[in-house]
Amino acid sequence: MAVQFSEENLNKVKEIIARYPEGKQKSALLPVLHLAQESFGGWLSAESMDYVASLLQIEPIEVYEVATFYSMYNLKPVGKYLFEVCHTGPCMLNGSDNIIDYIKETLGISNGETTTDGLFTLKTVECLGACGYAPMMQLGKHFREHLTKAKVDEIIAECRSKAN
Amino acid sequence: MGRKLLLDKAHIEGIRYYDTYRNNGGYAAAEKALKSMSPELVIEEVKKSGLRGRGGAGFPTGLKWSFLAKPEGVPRYLVCNADESEPGTFKDRYLMEFLPHLLIEGLLISSFALGANCTYIYIRGEYAWIPDILEEAINDAKKNNWLGKNIQGTGYDLEIYVQRGAGAYICGEETALIESLEGKRGNPRIKPPFPAVKGLWQSPTVVNNVETLAAVVPIINIGGDEYAKYGTGKSTGTKLISACGNINKPGVYEIDMNISVEEFIYSDEFCGGIPNGKRLKACIPGGSSVPILPANLLLKTAKGEPRMMTYESLNDGGFATGSMMGSGGFIVLDEDQCVVRHTMSLARFYHHESCGQCSPCREGTGWMKKVLLNIENGKGKMTDIDLLWDIQRKIEGNTICPLGDAAAWPVAAAIRHFRDEFEWHVTHPEEAMIRNFGLAHYADPLPVVATAAAV
């Protein structure tokens, strides 16, 4: 896949850079990496990171060191639907371990793995700030809260029907 | 009903939008500040209010503002810390989702007071849908001349931008946040220089929590003296508490800081008690970093007085028998919960979130996680408990930023108050995997209300 932002996204990059004083375009790195991940298949390849470096006129190493620091940047390909399930204290008190086990069982994958059809990846994550609505997971831009086994089934069915 | 200052209008339908917010008294404080007050006067009111930082440290806000350096010709910045990541804490999310204009108004008044013309909201990356809400509010405020150039004809200019993080607890630490906003790894800086002198792009910067900045609105509306009449002693005003864990009504509550912990847990106005008639075992009252307390010490101080939901009372007895208000993340554990397992999950959290700069934290957090996992899985030795104590002691105070302390305290408090539960795991390895230690003596003498709830 050729790594190149659309015209629309290039304008977005310009807009983001304009938020900072002149010469401080490196500040745009986190937002632009988010944009790159969304645009280039849900993960950041070395090629995507080099492209971002060239756009922001910084060294590729400055991008790598940031991309490897923050947990939301995926450095390997992930499934079309990434289930990021919280397992920190408050979620654990409300049964997140059972939910994680159920997802593993239902999808036949372990933590960090992707289903063979490339649809689902399971990733346990640390506290996402939804402790009162536990157990929960992040799916794309939004949170799915108050998870039960039935709700997990629904979410999986919903993703499958969207993918078809 | 407790008195409210932040969420008093949260029930109004459409309060998320500009027109409704404005028609219900919104931007009146901004109008008052910009048109009839000087920046110094605004700072004076905030000082009088006694407002303390709501992010966790509880530092007096007015005092923090007065430290801001004001060299000629150098821009100053206000940064709103919306990187809410402390386990148990989800109050800022509520404010931003449902009352975005309250935050914008607070930012406007605070920026005016500090002489900042450009302000950033740094929000945790996982709250991915909230920047849209905030940006819509910013655009509407701009259309109505509450942001942009020459605001309401006063000659004051302000732009607000939203910046998303990308998943790093450490960026809630103010210098790590600044590094991240500069497009770098979130490695905390060595202080001094403090951000008030050299912060964002080496310019003087104030970093304040979302709730702190929102609280500036009622302070200006009713005056600092009036605000200080809410609460108790040095815990003035109201505080948002995000309650979670084993309670009937998890959620975000605004409390006047004059109610007891017992009332907060058992009253129907707040947590509504423990589900399924279970008894209270323990609680972490201020976000995962603060010491866990067994029920008996939570509800009453060591002196036998009722413990109150205030900065002072929660801290009564120091770390020996008390805890902290922290960020207001209130985590309740019922009698079926395993303290060792819960502590292990928090240790795992801190290990994951350590930035790796300082070896005591980078190595120590991982070590604690491993030892705790062994004990939880029935593979621990008695000496492991002393080893854990030793590791946490060697982390605390030996790191650049407070993450090291935050990782050490939960482990220390768990061993301090629940040592027999750790020992039971070691002496009963087979049982440790299949059942929990239970209440033991922690809830003894049982609080009256807990007994009533159990019947």
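The model is predicted. Chain B carries 20 helices and eleven strands. The two chains meet in a contact that takes 46 residues from chain B and 35 residues from chain A.

**Chain A**

- The order of elements from the N terminus is α-α-α-α-β-α-α-β-β-β-α.
- Two domains are assigned: domain 1 covers 7–69 and domain 2 covers 81–163.
- The C-alpha centres of domain 1 of chain A and domain 2 of chain A are 29 Å apart.
- The C-alpha trace of chain A spans about 50 × 35 × 25 Å along its principal axes.
- Chain A has 164 residues, and 40% of them are buried.
- Take the contacts in chain A between residues at least 6 apart in sequence: 56% of these join residues at least 24 apart.

**Chain B: overall form**

- Chain B has 455 residues, for which a compact globule would have a radius of gyration near 23 Å; the value for chain B is 23 Å, so the two agree.
- The C-alpha atoms of chain B fill a box of roughly 75 × 50 × 35 Å along the principal axes.
- Buried residues account for 57% of the 455 residues of chain B.
- Among contacts in chain B between residues at least 6 apart in sequence, 73% link residues at least 24 apart.

**Chain B: domains**

**Where chain B meets chain A**

- The contact draws 46 residues from chain B and 35 residues from chain A.
- Five elements of chain B each supply at least two residues to its side: strand S3 (159–164), helix H8 (174–181), strand S7 (238–245), strand S11 (329–334) and helix H15 (339–353).
- H15(B) gives the largest share of that side, six residues.
- By class, the chain B side has 17 nonpolar, 20 polar and nine charged residues.

**Helix H15(B)**

- H15(B) has 15 residues and should span 21 Å at 1.5 Å a residue; its end C-alpha atoms are 21 Å apart, so the span agrees.
- H15(B) is mostly covered, with 14 of its 15 residues buried.

**The largest nonpolar core**

- In soluble globular proteins, nonpolar side chains tend to be buried together.
- The largest nonpolar core here holds 184 residues.
- Leu33(A), Val79(B), Cys80(B), Leu103(B) and Ile109(B) touch the most other members of this core.
- Helix H18 of chain B (residues 403–427) gives the most to the core, with eleven residues.
- Leaving aside residues up to four places away in sequence, Val79(B) touches Tyr120(B), Tyr122(B), Leu177(B), Leu181(B), Leu200(B), Thr205(B) and Val207(B).

Definitions and conventions: Residues numbered from 1 in each chain as written. Chains lettered and ligands numbered in written order. Predicted model: local features only at pLDDT ≥ 70, side-chain atom pairs only at ≥ 80, totals over all residues. Contact = placed C-beta atoms within 7 Å. Helix = DSSP H or I, 4+ residues; strand = E, 2+ residues; numbered from the N terminus. Nonpolar A, V, L, I, M, F, W, Y, C, P; charged D, E, K, R; others polar. Rg over C-alpha atoms; globule rule 2.2 N^0.38 Å. Buried ≥ 20, exposed ≤ 12 C-beta atoms within 10 Å, placed from the backbone. Expected span 1.5 Å × (residues − 1). Core = buried A, V, L, I, M, F, W, Y, C linked by C-beta atoms within 7 Å. Domains from an automatic or database assignment.
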